Amino acid sequence: MDAAIKFYIEKLLFKLDYRAINAAEREEYACLSLGKARLELIQDLENEYIPPAIKKPYCPHFCIEIDDMEKSFSNLQAMNIKIVKGPLKIDNEETWIYFADEDNNILEYIQWFNKK
C-alpha cells in the first residue's frame with residue numbers, strides 16, 4: 001500500500017485524502033484524488049497479492065485526460081513508468097497511451113483534440 005500511494009502521489013500528482021483499515025473486511029484502503037477524479041486503492045490484509053498479467057484489451061483501466069501528450073509521455077519515460085502501448089493517435093480526434101502502475105493496474109492518458 002505504501003508503494004502504491006507513493007506512486008500515485010509522486011509520479012501522477014494525486015493527493016492522499018485518507019487511509020484506513022476496515023477490520024471487519026480485513027482490508028486496508030486509501031482514497032486519492034486528482035482534480036475531480038477519485039481513486040480508491042484496496043489491499044487484502046489476509047492474502048498475498050499477485051499482480052495480474054498485462055493483456056489486451058487493457059480493461060478495466062483508469063483514464064486521465066491530459067492537455068499535452070508529448071510532455072506527458074516524456075514525463076512517464078523520465079520516471080521509468082512501464083509503457084504498455086502507445087502513444088496511439090486518431091488524426092484530428094485524440095491521442096492516448098496505456099501505462100501501468102507498479103501493481104500492473106492499467107492507466108491511460110488521453111488528449112482530445114476537438115472537445116465538444
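Predicted model: local features only at pLDDT ≥ 70, side-chain atom pairs only at ≥ 80, totals over all residues.
**Notebook: pockets and rings**

I looked up the lining of the largest pocket and found that α1 (2-11), β3 (37-44) and β7 (106-112) each supply at least two residues. My helices (H or I, at least four residues) and strands (E, at least two) are DSSP runs, numbered from the N terminus.

Residues are numbered from 1 along each chain as its sequence is written, and side-chain values use heavy atoms, with hydrogens and water left out.

**Largest pocket**

I worked on a 1 Å grid over the protein atoms alone, where a pocket is an open set of points where a 1.4 Å probe fits, with protein on both sides within 12 Å along at least five of seven lines; lining residues have an atom within 4 Å of a point. The largest pocket holds about 410 Å³ of space, a volume being the space filled by probe spheres set on the points. I listed 20 lining residues, of which Ala4, Leu41, Ile42, Asp103 and Asn105 lie nearest the centre. Which element gives the most to this lining? I found that β3 does, with six residues. By type, I noted eleven nonpolar, three polar and six charged residues. Here Ala, Val, Leu, Ile, Met, Phe, Trp, Tyr, Cys and Pro count as nonpolar, Asp, Glu, Lys and Arg as charged, and the others, Gly among them, as polar.

**Second largest pocket**

Next I turned to the second largest pocket, with about 280 Å³ of space. Its lining has 15 residues, and Leu13, Ile66, Ser72, Asn75 and Tyr109 lie nearest its centre. Both β4 (62-65) and α2 (69-78) supply at least two residues of that lining, and α2 gives the most, with four. I sorted the lining into eight nonpolar, two polar and five charged residues.

**Aromatic rings**

My search of the whole structure found six aromatic pairs (rings of Phe, Tyr and Trp, its six-membered ring, with centres within 6.5 Å; planes under 30 degrees apart are stacked, over 60 edge-to-face, the rest tilted). The rings of Phe7 and Tyr8 have centres 5.1 Å apart and planes at 80°, so I wrote this pair down as edge-to-face. Tyr8 and Phe14 also form an edge-to-face pair, at 5.5 Å centre to centre and 85° between the planes. Is Phe7 buried or exposed? Phe7 counts as buried because its relative accessibility is 4% (buried means under 20% relative accessible area, with a 1.4 Å probe and protein chains only). Tyr8 is buried too, at 3%, and so is Phe14. Last, I saw that ring pairs link Phe7, Tyr8, Phe14 and Phe62 into a cluster.

Key
Buried < 20%, exposed > 50% of the residue type's maximum accessible area, 1.4 Å probe, protein only.
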